[in-house]
Amino acid sequence: MTAIDYTAIYDPDRDFDARYTRATGRRVGRWLHPHESVLELGCATGLMTTLLAGDGRRVTGVDRSPEYLARAEARALPRCEFVAGDLDDLAALERLGRFHHVVLTNVLHEVADPEAVLRRVAQAHVVPGTLVHVSLQNPRSLHRLVALEMGLIHDLHDVAERGERFGTKRLMDARDMAALGHSAGLREIAREGVFLKPLPNDALEALPDEVLDGLEGAVRHLPEHGALNLLTFRAG
Ligand SMILES: C[S@@+](CC[C@H](N)C(=O)[O-])C[C@H]1O[C@@H](n2cnc3c(N)ncnc32)[C@H](O)[C@@H]1O
């Protein structure tokens, strides 16, 4: 299966998705301590990296897109390095070593074999106690339940046209993600929803910031129906 390169048509900093990136990054950030090391796989332009870096932490970002990586580099974040690499060939990145945290946010839906990626991470990039943070778009997101009722999709796991354009190979719910981590030898220690998304991005874009902030907070009342699921795993 050929990977879709959407670098030329998708700006991760300007797209509405940047809201989800920041909301996810704030949640991952709660687990981080000063001076820890972080491996961020699928770092894009480094927007998430801005929320992981600082406090003496060392962050290594990996992405397949040289254009995104150049923009991440240009941020000149302290103690951050950016490396070109393909998650479907993680063996080539073994030299990067082991980290206190591995972050895989909103990326495993695009790789050929997510289970193989997580297994490789668990073998080559963790120490006992490493936290592996994985987020993915949620097939049970509120906007997908609405689309189902409207007859726009026939199954919650259907990949929408926008998803296909941006390389989505599959949708996984929190149970699928937990099973993935388990089969890679990781232990789930926390699970939360990120952002309540009642409508597609282009409809949400028109809303004022305070409403969007409210939707980010309101997900705690419907944690199984957030735009994304964020699972935290511990390596044994
Ligand atoms: C949807 S963006 C998510 C970016 C960021 N992690 C976030 O949460 O906002 C997915 C990123 O993963 C990268 N990516 C997708 N498949 C990849 C692969 N096989 N190897 C390396 N990078 C990949 C894309 O280039 C893109 O920058």
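## A tour of salt bridges and the ligand site

Start at aspartate 55, which counts as exposed at 53% relative accessibility. This is a predicted model. Arginine 57, at 7% relative accessibility, counts as buried.

Next, select glutamate 110 and arginine 64. They form a salt bridge, with the closest N and O atoms 3.4 Å apart. Glutamate 110 sits in the loop between strand 4 (99–105) and helix 4 (114–124), and arginine 64 in the loop between strand 2 (58–63) and helix 3 (66–74), so the pair ties together parts 46 residues apart in sequence. Glutamate 110 is buried at 11%; arginine 64 is partly exposed at 36%.

Then show Asp11, Asp13, Arg14, Arg71 and Arg75. Salt bridges with shared partners join them into one network.

Move to glutamate 216 and arginine 27. Their salt bridge has its closest N and O atoms 3.5 Å apart. It links helix 9 (residues 209–218) to helix 1 (residues 17–29), with the partners 189 residues apart. Glutamate 216 is buried at 10% relative accessible area, and arginine 27 is buried at 8%. The whole structure holds 18 salt bridges.

Finish at the ligand. Of the 16 residues around it, Thr21, Gly42, Asp63, Leu87 and Thr105 come nearest. The shell divides into six nonpolar, five polar and five charged residues. Pick out the ligand's nitrogen contacts:

- glycine 42, a polar backbone atom at 2.7 Å
- aspartate 86, a side-chain N or O atom at 2.9 Å
- leucine 87, a polar backbone atom at 2.9 Å

Taken alone, the ligand exposes 600 Å², and the protein buries 95% of that.

Methods: Residues are numbered from 1 along each chain as its sequence is written. This is a predicted model: local features need pLDDT of at least 70, side-chain atom pairs count only at pLDDT 80 or more; totals for chains, interfaces and linings use all residues. Side-chain values use heavy atoms; hydrogens and water are left out. A residue is near a molecule or strand if one of its heavy atoms lies within 4 Å of it. A polar contact is a pair of N or O atoms within 3.5 Å; within protein, one must be able to donate a hydrogen and the other to accept it, and residues adjacent in sequence count only if both atoms are side-chain atoms. Accessible areas come from the Shrake-Rupley method with a 1.4 Å probe; for residues, only the protein chains shown count as cover. Ala, Val, Leu, Ile, Met, Phe, Trp, Tyr, Cys and Pro count as nonpolar, Asp, Glu, Lys and Arg as charged, and the others, Gly among them, as polar. A salt bridge is a side-chain nitrogen of Lys or Arg within 4 Å of a carboxyl oxygen of Asp or Glu. Helices (H or I, at least four residues) and strands (E, at least two) are DSSP runs, numbered from the N terminus. Buried means under 20% relative accessible area, exposed over 50%, partly exposed in between (1.4 Å probe, protein chains only).
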